[in-house]
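Visitor: Could you walk me through this model?
Guide: Gladly; here it is.

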Amino acid sequence: MTTETNPNPTLSRRSLLAGASVIGAGLVAAACGGPKSTKLTSPAEVNDVSQATQPNVGRPVTIVPAKKPSADDVKIAQLAAGLEVLAVGTYKAALDAAGTGALGEVPPAVGEFVTVAMKQHQEHLDAWNSVLTTNGAAAVTEPNAQLKPTVDNLFAGVKDVAGAAMLALMLEQIAAATYNSAQAVLTDKDAIKLAGSIQVIDAQHVSILLYALGQYPVPDVFAKVDLAVAPGGAPAAPPTVPAGTMPPTE
Amino acid sequence: MSMLHRRSHSLDERAFDELIEESQDLHSDALGVANDTLADLSDFASDRRRSGVAAPDPSQLEAFDASRTNLISRLGLALGGALGVGALSGIFAKPAAAADGDLDVMILQTAVSLELLAIAAYEAALTLPFIKDGNPVIVKFAQVTMMQHSEHRAAFSAQTKALGGTDQTMTNPKYTPIVEMAKPTLKAPIDVVKLAATLEQVATETYLADLNMFTDVKSRVLMASVMGVECQHLATLRAVGALLGTPELIKIPIGADLAKLPKAAGSVAFPEAFEGVTMASPPEEGAVK
């Protein structure tokens, strides 16, 4: 028996296509805030996402050679970037629709949520693309191809803030589940940490959307992975907006 | 008449009951999965013991030591200055060496210690008059969250034993005295919310920091799934904290009052784009000594 068993069939190694880039240094750069970061002083600091994401820490740094990531790590980085492109694009479309009045009156808290969530997803995208480009792979600029048609179809039916929030909820749940599921596949220490640090934020987006939609903000005892997307594949469970999630009117 | 009945205008009890039932189902499912894998994990534990794998990485532990100073100041702020930094500093002395040298086991034991403390903290909070007789959503949140932490403890304990380790039965040695010292200072809901948020942030960041230290993938996946829930507790507490000035807006469902929420409520729950690990507990902190 080895430690490489995969307890999560959603992201089976067998399902991953062969990739071939060394992305460890890129992961370090991404975890350090992307292109603005410079050096790391020790392997421990390489793994310290908090230092990486707080540019005011001001610690001197030295690049430390990272363990060569696997092809799976590359595929996960590409998958993650594609999901982030989709999230950014969807939030941008929602903001545009709100700007034209197509969604009706937008509560201030909802507008704030969309603005900040979109910005954070852009930072996540930048982090993953930094990983890819630093190591010679192309940056991902297109949304996840498996989900894009579904999201477009659902967005066409969005007529109000609640509808937009439900679509956002679906995307955030997929993203959080994917990052959670990726923990069973990732091998690079920095990739593991980066995926985990983003999973947290996306799960928190989920909680606030649930509250806004009239639901309990922490519905699960253990985070679910049934909506996780695998590289080149669709979610284990088809992405749909569940019925009955509209907040009751008073 | 119970407090919940008296305040039913702002609490959907049926929805909460359904939530609890669903959570119990999830728990059963999780235990089923855990039981299915325990035999394999036990074999793995034997393999690990024979090979002596996974001694703690000193460089990783040093990084956590460096974070302690930051943690002291942040906790001091979270507790409203009720606890002096000097009083806290003594608590942050380096722990004694752990009895079990397996890093995976130490991580899981520390996780159990944090879960046990969280359970105790929510249990204590529910005895406070301004909590138990206060906003019913906060009461229900404390009850449900305490139950969820209990499930997390059970899962981490099972995994500890599956890897051949000794189950931790004590609350976290670093934070237990901090919580005990804080209890007399808890005079209003905001005090409790801040303390609970601190514990949830410590748990979230500890589990995040632990992810890439595991050699056992099953343990890592379990920890990620728990981290994904602790961070939601934290998000909810941050949002509740921001709304305590308008408690009538702390209700489920929020309904049409969504329009009344202050702008900040839309982002207060996730102040950073990436979660940090500055408040993470090191693996040996709650290990069985």
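Visitor: How are α5(A) and α8(A) oriented to each other, roughly parallel or roughly antiparallel?
Guide: This is a predicted model, in which local features need pLDDT of at least 70 and side-chain atom pairs count only at pLDDT 80 or more, while totals for chains, interfaces and linings use all residues. Residues are numbered from 1 along each chain as its sequence is written, and chains are lettered from A and ligands numbered from 1 in the order in which they are written. The axes of α5 (residues 108–134) and α8 (residues 189–212), both of chain A, come within 11 Å and cross at roughly 165°, and α5(A) and α8(A) are therefore roughly antiparallel (an angle over 145 degrees).

Visitor: And which residues of α5(A) and α8(A) meet?
Guide: From α5(A), Val110(A), Phe113(A), Ala117(A), Gln120(A), His124(A) and Ala127(A) meet Leu194(A), Ile198(A), Ile201(A), His205(A), Ile208(A) and Ala212(A) of α8(A), where contact takes C-beta atoms, placed from the backbone, within 7 Å. By class, that contact has nine nonpolar, three polar and no charged residues.

Visitor: New topic: which residues touch the most other members of the largest nonpolar core?
Guide: Ala165(A) and Ala239(B) do, in a core of 149 residues, its members being buried (20 or more other C-beta atoms within 10 Å) and joined through C-beta atoms within 7 Å. The largest share of this core, 16 residues, comes from α10(B).

Visitor: What is Ala239(B) in contact with?
Guide: Leaving aside neighbours within four places in sequence, Ala239(B) is in contact with Ile208(A), Tyr211(A), Ala265(B), Val268(B) and Ala269(B).

Visitor: Which peptide bond is cis?
Guide: The bond from Ile252(B) to Pro253(B) is cis, with omega near 0°, and Pro253(B) is found in the segment after α10 (217–243) of chain B.

Methods: Axes fitted to C-alpha atoms, helices over the stretch in contact; angles between N-to-C directions. Helix = DSSP H or I, 4+ residues; strand = E, 2+ residues; numbered from the N terminus. Parallel < 35°, antiparallel > 145°, perpendicular 65-115°, else oblique. Contact = placed C-beta atoms within 7 Å. Nonpolar A, V, L, I, M, F, W, Y, C, P; charged D, E, K, R; others polar. Buried ≥ 20, exposed ≤ 12 C-beta atoms within 10 Å, placed from the backbone.
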